[in-house]
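Please work through the following exercises with the coordinates at hand. Each task is followed by a stepwise solution.

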Amino acid sequence: MRIGAHVRDSTDPLGTAEALGVDLVQMFLTDPQKWNKLEPHPQGEALLAGSVDVVVHSSYVLNVASLNNRIRIPSRKAVVEQAAAAAEIGAIGLVVHGGHVREGEDTAKGIDNWRKLFERQAEQGGFAVPIFVENTAGGDSAMARHFDDIARLWDAIGEFGAGFCLDTCHAWAGGEDLVDVVDRIKAITGRIDLVHLNNSRDEFDSARDRHANLGTGTIDAEILTAVALAADAPVILETPPEGIEDDVRLLKSL
């Protein structure tokens, strides 16, 4: 198992990796809540040359599925640009949330917008790094909350080599049982490229995305560790900083 952590101080991911004893880090390349222009990373050359692997998480403001041109069009552009920036630091992939349409809008159109992103980029030679679509926790108009919706999404984008990031907190909060989650999602996507291994502060099917440390949330820690082992994919902890060292030790003990 390759164990990593989300880096909250994105200016010094290598320092965080060393402090936690992990060999994989996930980070943002720009303010996740804004549409800021990308700038070269201060540790870019060291990340590219070093032994610590990197996953880049795209900005939260992106929503490829949106039917609003003012959101969808810049989101498409940002995915391409952030994938290119991720490649510059040697990242293994770019995580992008599945997104949503607004209440009352046709979810099929949101799925079609995802397909258009992959189709158009395929014509340009593809993305600079693999795109890992992440399941999300809430919203009945989401593209990747419920697994039947993910199946429809994968019918549209699977042929383009889309990757998948499984978030355990999101699945739990989204109402999906974790006991057989790996088998069920692989039956849909054929793959799990990355696991966000997070416990949840909230109950099953709460639609709330609030992470907890592995041993302190509402999900049985043994179920979480079983998911990590079964997925056979790199694991990123996005758990609260006050307990993440214990989370790393727990995973290493496996």
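The model is predicted: local features need pLDDT of at least 70, side-chain atom pairs count only at pLDDT 80 or more, and totals for chains, interfaces and linings use all residues. Residues are numbered from 1 along each chain as its sequence is written, and side-chain values use heavy atoms, with hydrogens and water left out.

**Exercise 1.** Determine whether Gln26 is buried or exposed, and list the polar contacts of its side chain.

Solution. 
1. Gln26 belongs to strand E2, residues 24-27 (strands, E, at least two residues, and helices, H or I, at least four, are DSSP runs numbered from the N terminus).
2. Gln26 has 0% relative accessibility and therefore counts as buried (buried is under 20% relative accessible area, exposed over 50%, partly exposed in between, with a 1.4 Å probe and protein chains only).
3. Its side chain forms a polar contact of 2.6 Å with the side chain of His196 and one of 2.9 Å with that of Glu238. A polar contact is a pair of N or O atoms within 3.5 Å; within protein, one must be able to donate a hydrogen and the other to accept it, and residues adjacent in sequence count only if both atoms are side-chain atoms.

**Exercise 2.** Check the span of helix H4 and explain why its buried residues line one face.

Solution. 
1. H4 has 17 residues (107-123); at 1.5 Å a residue they should span 24 Å, and the end C-alpha atoms are 25 Å apart, which agrees. The expected span is 1.5 Å times one less than the number of residues.
2. The buried residues of H4 are Gly110, Ile111, Asn113, Trp114, Leu117, Phe118 and Gln121.
3. Viewed down the axis, these buried residues fall within an arc of 150 degrees, so they line one face of H4. The arc is that of the directions from the helix axis to the C-beta atoms.
4. An α-helix has 3.6 residues a turn, so residues three or four places apart point the same way.
5. The packing partners of the buried residues are helix H3 (69-88), strand E4 (94-97), strand E5 (131-134) and helix H5 (147-157).

Conventions. Contact = heavy atoms within 4.5 Å.
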